[in-house]
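This report describes selected features of strand pairing, helix packing and chain contact. Please read it alongside the sequence and the structure shown below.

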Amino acid sequence: MTEPTIYELSSAGRIGVQFPESDVPAFKVPDEFIRTNLPLPELSEVDVVRHFTHLSTKNYSIDTGLYPLGSCTMKYNPKINEVTSRLPGFANIHPLQPIETVQGSLALMYSLQEQLKEISGFAAVSLQPAAGAQGEFVGVKIIHAYHQSRGDFKRTRILIPDSAHGTNPATSAMNGLEVIPIPSDSRGNVDLAKLHDLCDETVAGLMLTNPNTLGVFDENVLEVIETVHRAGGLVYGDGANLNALLGITRPGDLGFDVMHFNLHKTFSTPHGGGGPGSGPVGVAPHLVDFLPAPIVSIIEEATEEIPPLYGLTIPAKTIGRVKAFYGQFGVMVRAFTYIRMHGAEGLKKVAEYAVLNANYILSRIRDKYTLPYDRSYMHEFVVEGCWSDAPDVHALDVAKRLMDYDFHPPTNYFPLIVHEALMIEPTETESKQVLDKFADALLKIAEEAHSSPELLKEAPHHTPVGRLDEVKAAKELVLCCWLPESN
Amino acid sequence: MKTPENLKYASTDEWLLVEGNTATLGVSDYAQDQLSDVVFVEITAGIGETLSKGSVVGTIESVKAAADVTIPVSGKVIAVNEDLANTPELVNSDPFGAAWMIKVELTNPKELDDLMNAKAYTEYCETRSH
């Protein structure tokens with residue numbers, strides 16, 4: 001049931017729009033500029049509309065089903081976020097307008113900064129970074145700038161647990177720091193003995209995701225942070241998994257020095273192709289001066305008659321500007337809406353249900369899947385997608401087979417420290433019925449892995465296209481159906 | 001899983017073929033099996049470069065993951081396998097032969113004592129999979 005491409009639907013001479021005879025003198029385009037080798041498809045308008053509408057119905061999205069991508073927090077995006085972000089006062093403004101004419105938008109950004117501070121326990125927040133990885137880059141740059149401002153130039157190494165997101169070492173390397181991996185212990189926590197060995201006067205900091213990518217809360221987080229601080233280093237918090245902590249504990253209170261938020265994960269703004277992302281950065285008091293500029297501030301206090309005047313300020317030792325204008329404003333409106341719709345109590349429930357849902361699925365499947373770290377989990381968990389008595393089946397096959405049960409596959413082969421990892425994060429928004437259906441599918445697949453492994457090896461069977469050739473996709477980067485003839 | 005007897009192995013899954021004072025480096029059958037289909041190999045070490053024990057020699061990328069390849073001994077690079085850039089799949093099909101990555105002149109042959117023989121490496125791999 002392969003879909004025809006738009007080129008295959010093409011019929012020579014068919015056109016979508018007929019123009020009237022030109023009533024102005026024709027301009028003769030010189031022959032050398034006229035290409036005849038562009039094989040554009042020829043279709044009527046309705047054929048084009050039907051083709052793409054038909055393709056769009058084959059999309060899988062959070063609006064069509066569970067999207068249990070571990071560490072990505074693919075939570076439902078409430079539609080009211082779309083209503084508020086499209087309000088003309090927010091949608092029809094220009095970043096170069098005089099600030100007096102965009103006070104409502106600046107007030108919203110200021111409030112969002114304040115909300116993120118309250119949620120995280122940090123002293124100040126910059127909304128500028130364009131996504132999580134850029135937030136990390138900014139955070140590490142701030143750590144680097146902090147040490148340099150103190151004349152401490154020998155701190156060139158950054159410690160990163162082996163359970164970290166791949167973006168942690170990447171952003172550190174982009175900042176010119178040397179990445180030193182730290183192993184995890186048998187409970188999935190940072191190996192404290194190794195950490196003590198590695199902490200010296202060359203350490204700029206540690207990047208820690210907590211809960212980490214195994215979905216477990218580092219039980220020694222206070223000692224980890226204290227150890228790095230004692231050595232003079234700073235601790236970066238990767239906020240990717242903040243969903244599990246909302247209203248329960250605050251990274252700033254735990255002693256983290258800097259952290260990014262993923263508005264497109266924790267705060268329900270669209271994710272992936274629906275983005276753009278947004279990765280605000282929060283910092284402890286000693287790093288406030290280094291935040292990227294500008295920050296939204298109150299530049300004239302309110303009086304009894306008039307509201308405050310909001311404006312843009314530049315922190316004293318700022319690392320500079322990291323994004324055109326003020327970040328992803330439309331995304332900020334959505335995150336602000338989400339936070340206001342939930343309130344403090346509601347956000348706490350988000351975290352509680354996210355953790356409950358993950359542990360519920362785990363409790364249903366834990367007898368049939370190997371659990372590398374046998375403990376209770378936070379908002380996500382990692383199991384092995386393989387069985388010693390079904391040697392041909394791999395995590396990838398389990399993931400592909402899930403598509404036949406109408407579910408998006410979970411994250412697989414990450415984190416790297418788990419053999420054949422399947423990383424599952426249902427988020428808080430799923431009902432018990434959906435969670436049960438998903439757990440049923442995982443149990444059925446575990447059974448099929450033993451009784452009819454070929455069903456998994458050849459999956460998916462019920463999707464528009466079957467198993468894709470990933471090697472070819474990675475090696476032959478030709479995205480066109482045709483290539484222009486070379487002249 | 002193959003572990004040829006004539007090679008020495010590192011805990012980071014590289015093999016070394018030692019001939020006199022030179023050594024050839026590649027990644028093991030276990031490593032290629034764990035990585036699955038290799039789609040990209042980049043060797044960053046250049047001829048004439050002096051590498052210390054543990055230095056990164058290059059990167060192997062598969063459909064699953066990207067991994068640094070390190071050298072478990074110190075040495076001066078005397079040859080680099082240029083073919084791997086265009087035929088990275090050799091890492092899967094012939095890890096101990098055509099997929100060698102670099103050859104070095106050993107500068108501290110004593111470091112070879114820290115490496116595993118085939119038997120020890122086989123046992124080491126078995127402890128990590130099941």
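## Strand pairing and helix packing

In this predicted model, Glu61(B) has Ala66(B), in S7(B), as its bridge partner. Strand S6 of chain B, residues 56-62, pairs with S7(B) in the antiparallel sense, and five bridges join them. Both strands belong to an open sheet of three strands in chain B, ordered S4-S6-S7 with antiparallel pairing. The edges of that sheet are strand S4 (38-43) and strand S7 (66-70) of chain B, each of which pairs on one side only. From one strand to the next, the twist averages 20 degrees.

In chain A, helix H4 (residues 103-120) packs with helix H10 (residues 329-365) of chain A at an angle of about 45 degrees, and their axes are 10 Å apart. H4(A) is therefore oblique to H10(A). The crossing by which H4(A) passes H10(A) is left-handed. On the H4(A) side, the contact includes Leu108(A), Met109(A), Leu112(A) and Ile119(A), while H10(A) contributes residues including Phe329(A), Met332(A), Phe336(A) and Leu347(A). By class, this contact of H4(A) with H10(A) comprises eleven nonpolar residues, three polar residues and no charged residues.

Between the chains, seven residues of chain B are in contact with eight residues of chain A.

| Contact | Nonpolar | Polar | Charged |
|---|---|---|---|
| H4(A) with H10(A) | eleven residues | three residues | no residues |
| Side of chain B that touches chain A | three residues | two residues | two residues |

How values were computed:
Residues are numbered from 1 along each chain as its sequence is written. Chains are lettered from A and ligands numbered from 1 in the order in which they are written. This is a predicted model: local features need pLDDT of at least 70, side-chain atom pairs count only at pLDDT 80 or more; totals for chains, interfaces and linings use all residues. Two residues are in contact if their C-beta atoms, placed from the backbone, lie within 7 Å. Ala, Val, Leu, Ile, Met, Phe, Trp, Tyr, Cys and Pro count as nonpolar, Asp, Glu, Lys and Arg as charged, and the others, Gly among them, as polar. Two strands pair if DSSP finds at least two bridges between them. Helices (H or I, at least four residues) and strands (E, at least two) are DSSP runs, numbered from the N terminus. Axes are lines fitted to C-alpha atoms, for helices over the stretch in contact, and angles run from 0 to 180 degrees between N-to-C directions. Angles under 35 degrees count as roughly parallel, over 145 as roughly antiparallel, 65 to 115 as roughly perpendicular and the rest as oblique. A crossing is left-handed if the near helix is turned anticlockwise from the far one by less than a right angle, and right-handed if clockwise.
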